[in-house]
Amino acid sequence: MKISHSLLAKGAIWTIASFGVGQLIRFSTNVVLTRLLAPELFGIMVIVYTLRTCVELISDVGIGQSIIVNKNADNPDFYKTAWTLQSIRGVFLWVVACAATVPMANFYQVKTLSLIIPVALLVLVLSGFTSISPSLVQKRLQFAKLTAYEIVITTISAVGQVALAYFIPTIWGLVFGLLFSGVTAMIGSYFLLPEIKYRFKISRNYAWEILHFGKWIFLSSIVYLLSITFDRFYLAGVIPLALLGVYGIARSISDLLSMLALRLSNIVIFPFIASHSETPRADLRTQLVSIRLKFLLIAAFGFSFSVATVDLAIKLIFDQRYYAAAWMTPVLITGAWISILCSLNESTLLGLGTPRYGAIGNSLKFGWLLVALPLSFRYFGPVASITVIAVSDTFRYQIGRASCRE
C-alpha cells in the first residue's frame with residue numbers, strides 16, 4: 001500500500017500548528033509567571049511535576065495507543081472499557097502519589113511538600129476521568145479538530161494560571177493553576193465528541209486486548225521514566241532550589257524542538273506506520289526515506305538557529321535571576337537533536353509492533369546517567385553534568401538505528 005504524502009503533510013502541518021501555538025501560549029505564560037513568582041517556587045513545582053511523571057509512567061499500559069491501533073475502538077464496549085480502566089488508574093495513581101509525600105518531603109527537606117503533593121496531584125484523578133475522545137479523533141485522523149481543541153484548552157488554562165498566580169503569589173497559585181488546567185481539560189474533552197456516552201463497564205475481552213498490547217508499553221515506560229527523570233531527582237538533591245528552578249526552565253526551552261518531533265512521531269508517523277505494517281519493510285523504508293530527509297533538514301536548520309540565538313533571547317526575556325539558563329540551554333538543545341532521531345526511530349518500530357527496542361535504548365541511557373551524572377557533578381561541577389545529560393540520548397539512538405535497519 002502506497003503512503004499518501006499529502007495526508008502525511010496535512011497531518012504534519014496541523015500538528016506543527018497546534019504545537020507552535022500551544023508552546024507560544026505556555027512560554028508566554030511561564031514568562032509572566034516568572035515575573036510574578038520567585039524561582040524557589042518553580043523549583044518546588046519541578047519536584048511535583050517529576051513525581052507526577054513518575055507515577056503516570058510506572059502504570060502506563062498504553063490505553064491511548066490501544067485505542068489508536070485497535071480496530072474495535074469505536075465499539076461502545078471497547079471505549080467504555082478503556083475509559084473505565086483509565087479512571088481506575090487515575091485514582092490509583094493519586095493514592096500512590098499521596099503515599100510518597102512524606103518520604104519526599106523528608107528527602108528534599110521541604111516540609112510543605114507533604115501538603116502540596118496530595119493537593120496538586122489531584123490532577124491525576126482529573127486526567128483519569130477525562131474523555132478518551134482525543135485518542136479517537138487522532139485515530140480518525142481529524143487533525144484540524146484535534147488542533148482546535150488543544151488550542152482552546154491551552155488558552156483557557158493559561159489565562160487561569162496567570163490569574164491565580166496574580167491573586168495568590170505563593171506556591172498555591174501554581175498548585176491551583178495546575179488543578180484548573182486539569183479541570184479545563186477534563187470538561188473540554190467531553191465536548192470534543194459529544195455523541196459518545198460513558199458509563200463504567202469492563203469487557204473482559206477488550207480489557208485483555210488493551211492490557212496485552214500494553215505490556216511492552218508498560219516495560220518501556222518504566223525505563224523511559226528512569227532515563228528522563230533521574231537528572232531532575234539527582235540535581236534536586238545537590239543544588240539549591242533556585243538553581244533547580246532555572247534548570248527546569250532551561251530544560252523546558254531545550255525540549256521544545258524534541259517535543260515537536262515526538263508529537264509528530266506519535267500523532268502522525270505512528271498511526272501511519274501501524275496502518276502500513278504489512279507492507280514489506282524495504283518498500284516502506286523506500287517510501288519514507290525522502291520524507292524523513294526533508295523533515296530532518298528543516299529540523300537541523302531550526303536547531304542551528306536556536307543554539308546560536310537562545311542565550312540572547314533568554315537575557316532579553318528573563319531577569320538576572322534566570323541568566324544561568326543562557327549557558328545551560330544551548331548545551332541541552334544540542335543534545336535534543338539526538339532525541340529527535342530517537343523519536344523517529346522508536347515511533348517507526350512501535351508502528352511495526354516492536355516496542356522492545358525502545359526499552360533497551362532507554363535502559364542504556366539510564367545506565368549512562370546513573371554512573372556519569374554523579375561522577376561529573378562531583379569532580380567537574382554543573383557544567384559537566386549538563387553536558388552528560390545532553391549526550392545521554394546517544395546511547396538510546398544506537399539501538400533504534402540498528403533495529404530500523406534490520
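Keep in mind that the model is predicted. What does lysine 365 form a salt bridge with? The partner is aspartate 393, and the closest N and O atoms are 3.2 Å apart. The two sit in distant parts of the chain, lysine 365 in helix H15 (residues 356-380) and aspartate 393 in helix H17 (residues 393-404), 28 residues apart. Aspartate 393 also counts as buried, because its relative accessibility of 7% falls under the 20% limit.

As background, side chains of opposite charge can pair when their charged atoms come close.

A search of the whole structure gives 3 salt bridges. Next, arginine 251 and aspartate 231. Their side chains meet in a salt bridge, 2.3 Å from N to O. Arginine 251 belongs to helix H12 (residues 241-275) and aspartate 231 to helix H11, so this pair ties together parts that are 20 residues apart in sequence. Buried or exposed? Arginine 251 is buried at 11% relative accessible area, and aspartate 231 is buried at 1%.

Then there is aspartate 77 with lysine 201. Here the side chains meet in a salt bridge at 2.6 Å, N to O. The pair links distant parts of the chain, 124 residues apart: aspartate 77 is in helix H4 (residues 76-99), while lysine 201 is in the loop between helix H10 (171-189) and helix H11 (204-238). Aspartate 77 counts as partly exposed, at 28% relative accessibility. Lysine 201 is partly exposed as well, with a relative accessible area of 27%.

Methods. Residues are numbered from 1 along each chain as its sequence is written. This is a predicted model: local features need pLDDT of at least 70, side-chain atom pairs count only at pLDDT 80 or more; totals for chains, interfaces and linings use all residues. Side-chain values use heavy atoms; hydrogens and water are left out. A salt bridge is a side-chain nitrogen of Lys or Arg within 4 Å of a carboxyl oxygen of Asp or Glu. Helices (H or I, at least four residues) and strands (E, at least two) are DSSP runs, numbered from the N terminus. Buried means under 20% relative accessible area, exposed over 50%, partly exposed in between (1.4 Å probe, protein chains only).
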